[in-house]
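Here is a short tour of one model for you to follow alongside the coordinates. Please have your viewer ready.

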Amino acid sequence: MTAKQAWVLALASLASFMMALDSLVVTTALSTIRADLTASVEALEWTVNAYNLAFAVLLLTGAALGDRFGRRRVFTAGLALFSVASAACALSPDIGTLIAARALQGVGAAMVLPLSLTLISAAFPPPQRGRAMGLYLGITGLATFSGPFVGGVIAQGLAWQWIFWLNLPIGLVAIALTARRVAESVGPNHRFDLPGVALVTAGAFGVVWALVRGNAAGWTSVEVLGALLGGVALVIVFVRWEQRTATPMLPMRFFRARAFATANPANFCVFASLYGTLFFLAQYFQTVHGTDALGAGLRLMPWTATLMVCAPIAGALADRYGERRFVVGGLLLQTAGSAWIAVVAGPGTGYGELLPALVVGGIGLTMAMPAAQKAVVAAVRPAEIGQASGVFMMLRILGGVFGVAVAVAVFAAAGGYASPEEFTTGFTAAMGSVAGFAFAGLLIALGMPGRRLATTAVPPRPAGSLSA
């Protein structure tokens, strides 16, 4: 690794760490926030999903802005916006203000995260890319898995507001170093696909709004069905537009590559399973085991330990053996781990009985994530990595929103917060849905190509063709 590559990897990973940490750092502080701001369970869900809503809706737009106006410029602008929004979160006097500030954080994250992956993918050639992505994802995943622990430590030792104050110094350092150490670059298109941006933003908003409002408003309500059907219709129009425009923000030919078309939905299921688990697992330890926020975070640490060991190894081995076996094997382990928890969890279940399942599931997730990521970016030409990264990240976050929405719906239908027994009934049902997500991803991943096809880029469009 050259010094230039090391700086790109370090800064992109640091920025990604911040974005991923704030996606889940509030999970173990939810009980504290609920008491401090007098919030309902629906409002608590919004503190998680407002961030993910803005994040998911604008990811493709963030990638397109970076390709058109400069990846480093948009990357640093996103870091600045994210830092300002973090201060607004810390200063929030009520739950409504906190939710709005979390949405603004999501806008900044959508400008940063797809470009962090683009910068790394462009800096490392294919033979080194899997290992670099393993290191990147190990750091990013550390934030994802340690978010509940960090939130618990801060909420218990200081105050939940410090979860957000800590982003300011990190953000300022990252902005300064990026300006000095990362070279500017642009994507292959010099024109900005404004109709495509408008269509995909509105369509994604409709779909995600339906997912996050389904439990509160009712899945058959006019609001939810109207948002869902309208969002799907706009996505279809977006696809038709991208097939016809000369400068698409998302070339539809990407989906003719089997690696791209299978690794993306498989990774959607990975994150649906991950976020659905984390939303309830910390609450289970607090509600049923009677631990405080710090204790709940500590009980989630085995996931962090497996991540730091397995992600870089899995990324490096995927370079040698291909991505499919790691995605399939990882999702098999996550299916087994989450089903294990669903079967054994109860009001009197000790932590030692759950620990093996946590380790098995953690290993599985950290096997699948870097391999799926590598398969997606290897399926396109180097100049198109930014566009592919935007799709990958968007579906990843949509998977997280979908996983939380479905897990909450299953939990609410089966249990509640009235007693440890009632919570456990809902929790085990939700964990069953989490296992279902992982198993669905496993079935999709079986369709991924072997090593030779997975590393073959999508051929460019014939010159002068307007069809994708």
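## About the model

This is a predicted model, in which local features need pLDDT of at least 70 and side-chain atom pairs count only at pLDDT 80 or more, while totals for chains, interfaces and linings use all residues. Residues are numbered from 1 along each chain as its sequence is written, and side-chain values use heavy atoms, with hydrogens and water left out.

## How the helices pack

Two packed helices are described by the angle between their axes and the distance between the axes. Helices here are DSSP runs (H or I, at least four residues), numbered from the N terminus. Axes are lines fitted to C-alpha atoms, for helices over the stretch in contact, and angles run from 0 to 180 degrees between N-to-C directions.

Let's begin with helix α14 (residues 324–344). Its axis and that of helix α15 (residues 351–378) come within 7 Å and cross at roughly 155 degrees. The pair is therefore roughly antiparallel (the word applies to angles over 145 degrees). In passing α15, α14 makes a left-handed crossing, meaning that the near helix is turned anticlockwise from the far one by less than a right angle. The residues of this contact divide into 18 nonpolar, six polar and one charged. In this scheme Ala, Val, Leu, Ile, Met, Phe, Trp, Tyr, Cys and Pro count as nonpolar, Asp, Glu, Lys and Arg as charged, and the others, Gly among them, as polar.

Helix α14 also meets helix α17 (residues 420–445): their axes come within 8 Å and cross at roughly 165 degrees. So α14 and α17 are roughly antiparallel to each other, and their crossing is left-handed. Elsewhere, helix α4 (residues 71–90) packs with α5 at an angle of about 155 degrees, the axes being 8 Å apart. That makes α4 and α5 roughly antiparallel, and α4 passes α5 in a left-handed crossing. The contact of α4 with α5 has 18 nonpolar, six polar and two charged residues.

## The largest pocket

Rolling a probe the size of a water molecule over the atoms shows where empty space is left. The search uses a 1 Å grid over the protein atoms alone: a cavity is a set of points where a 1.4 Å probe fits but cannot get out, a pocket is an open set with protein on both sides within 12 Å along at least five of seven lines, and lining residues have an atom within 4 Å of a point. Grid points are joined across faces, edges and corners, and a volume is the space filled by probe spheres set on the points.

How much space lies in the largest pocket? About 380 Å³. Of the 19 residues that line this pocket, Val200, Val235, Met394, Leu395 and Leu398 are the closest to its centre. The elements giving two or more residues to the lining are α9 (194–217), α10 (222–244) and α16 (385–414), and the largest share, six residues, comes from α9. By class, the lining has 18 nonpolar, one polar and no charged residues.

The structure holds three cavities of 30 Å³ or more. The second largest cavity has a volume of about 40 Å³. Among the residues lining it are Thr277, Trp303, Gln334, Ser338, Gly361 and Met431. Helices α14 and α15 are the elements that give two or more residues to this lining. Its classes are five nonpolar, six polar and no charged residues.

Gly276 lies in helix α11 (residues 258–287) and is buried, with a relative accessible area of 2%. (Buried means under 20% relative accessible area and exposed over 50%, with a 1.4 Å probe and protein chains only.) The C-alpha atoms of Gly276 and Val408 are 8.1 Å apart, although the two are 132 residues apart along the chain. Gly399, in helix α16, is buried at 0% relative accessible area. Between Gly399 and Tyr275 there are 8.2 Å, C-alpha to C-alpha, and the two are 124 residues apart in sequence.

Met18, found in helix α1 (residues 3–24), counts as buried at 1% relative accessibility. Met18 and Asn167 are 149 residues apart in sequence and 7.1 Å apart in space, C-alpha to C-alpha. Is Ala122 buried or exposed? Ala122, in helix α5 (residues 95–123), is exposed, with a relative accessible area of 54%. The C-alpha atoms of Ala122 and Pro382, 260 residues apart along the chain, are separated by 6.5 Å.

Notes:
Parallel < 35°, antiparallel > 145°, perpendicular 65-115°, else oblique.
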